[in-house]
Amino acid sequence: MTIIDGKKTAADLRSNLKNEVDNLKKKYNKVPGLTVILIGEYAPSKIYVRNKEKSAVEIGLKSEIIEYPDTIDEKTVLEKISELNKDENVSGILVQLPLPKHINNKKIIDAIDPNKDVDGFHPNNVGNLSSGYESSVPCTPLGCHLLIKKIEPNLNGKKAVILGRSNLNGKPMTQLLLKENCTVTIAHSKTKNLKEECLKADILVVAVGIPKLVKGDWVKKGSIVIDVGINKTDEGIVGDVDFDEVSKIAKAITPVPGGVGPMTIACLLKNTIECFKRSLV
Ligand code: NAD
């Protein structure tokens, strides 16, 4: 059984990206820039945003955080996005979610130039991904995809089951695995016989937010199990998969922490560089 080391894979990816940034700088005398808009005082968001900035700077990107209090009005945020859309020094724009209730998520996401949408949430990017065209892909499923491919480069004809249908995780994950010629089932809170569905999976991706939902007798012997869940419990941070049980059955599994999590930020950096490169052509 392989424990899929997301920390090491993310470190390798960041190192490759750093080389890429160095080369872009030599060639164009410019580096990609990532701007993050952070609204309010939600502590986890603040931590994520600081980590994103630190990782961006480490690989040589320009990084900027624009902070607003949670009383900020929607119009001001939309005007700032419009300004950033026009700014040549900004390759990628990310608005950290969740937003305060009085700010409309969809309006904000729609306002970001799709060519600078490093989160891959803009409807143009969602549509392009599902049509098989070039697009920004949401960072967490992109990271999962890279981890799966490391274990199994040829996914042709594999049966993939994805638990969770969020726009952030489950839906884009489905598109990525369809593109790999998997036969994909997407399961969710209303799915009947969830365990039986999971048992069919060669590749099982779980993004639900319920601690240790997936048990050892839910997975097929020799499967690859990717655990996206991050749940705070009395035992500390745990995933959506019961690691102790499932690691005895699966061929490969991501731990929590240290699996998918580190890949998410590395993929954000990757997306920022991709946006920059697309802006050059
Ligand atoms: P979400 O709440 O938006 O979606 C959860 C999905 O799970 C929904 O589609 C729902 O239908 C499904 N679901 C709920 N209960 C279910 C059940 N009993 N059986 C089957 N499906 C069920 O969540 P999300 O934003 O996709 O996040 C999911 C998990 O991933 C959370 O734990 C979150 O913290 C974590 N997460 C991790 C990363 C990372 O970088 N590792 C990034 C984002 C989210």
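A residue is called buried here when its relative accessible area is under 20%. By that cut-off, both faces of strand S5 are covered in this predicted model. Lys159, Val161 and Leu163 are buried on one side. Ala160 and Ile162 are buried on the other. Side chains in a regular strand alternate between the two faces of the sheet.

Strand S5 belongs to an open sheet of 6 strands. The strand order is S1-S11-S8-S7-S5-S6, and the pairing is parallel. Strands S1 (2–3) and S6 (183–187) stand at the edges. Each has a single partner strand, so one side of each is left without a neighbour in the sheet. The partner relations can be followed at the residue level. S5 and S6 run parallel and are joined by 5 bridges. Within this pair, Ala160 has Val184 of S6 as its bridge partner. Ala160 is also one of the buried residues of S5. Elsewhere in the sheet, 2 bridges join S8 (residues 224–227) to S11 (residues 252–253). These two strands also run parallel. Here Ile224 stands opposite Ala252 in S11.

Helix H6 (residues 139–151) packs on the sheet. The helix touches S1, S7 (203–206), S8 and S11. Its direction makes about 160° with that of S8. Helix H7 (residues 170–179) lies across S5, S6 and S7. H7 runs at about 170° to S6.

Which residues of H7 are buried? They are Gly170, Pro172, Met173, Thr174, Leu176 and Leu177. An α-helix has 3.6 residues a turn, so residues three or four places apart point the same way. The buried residues of H7 pack against S5, S6 and S7. They also pack against two helices, H5 (123–131) and H6. Just after H7, Asn181 takes a positive phi of about 65°.

The surface holds a nonpolar patch. Tyr28, Leu280 and Val281 form this patch, with about 310 Å² of accessible area together. Val281 lies in the segment after helix H10 (260–280). A residue counts as exposed when its relative accessible area is over 50%. Val281 has 89% relative accessibility, and therefore counts as exposed.

Methods
Residues numbered from 1 in each chain as written. Predicted model: local features only at pLDDT ≥ 70, side-chain atom pairs only at ≥ 80, totals over all residues. Heavy atoms only, no water. Pairing = 2+ DSSP bridges. Helix = DSSP H or I, 4+ residues; strand = E, 2+ residues; numbered from the N terminus. Contact = heavy atoms within 4.5 Å. Axes fitted to C-alpha atoms, helices over the stretch in contact; angles between N-to-C directions. Patch = residues over 30% accessible without salt bridge, like charges linked within 9 Å, V, L, I, M, F, W, Y side chains within 5 Å. Areas by Shrake-Rupley, 256 points an atom, 1.4 Å probe, with all protein chains shown as cover. Salt bridge = Lys/Arg side-chain N within 4 Å of Asp/Glu carboxyl O. Buried < 20%, exposed > 50% of the residue type's maximum accessible area, 1.4 Å probe, protein only.
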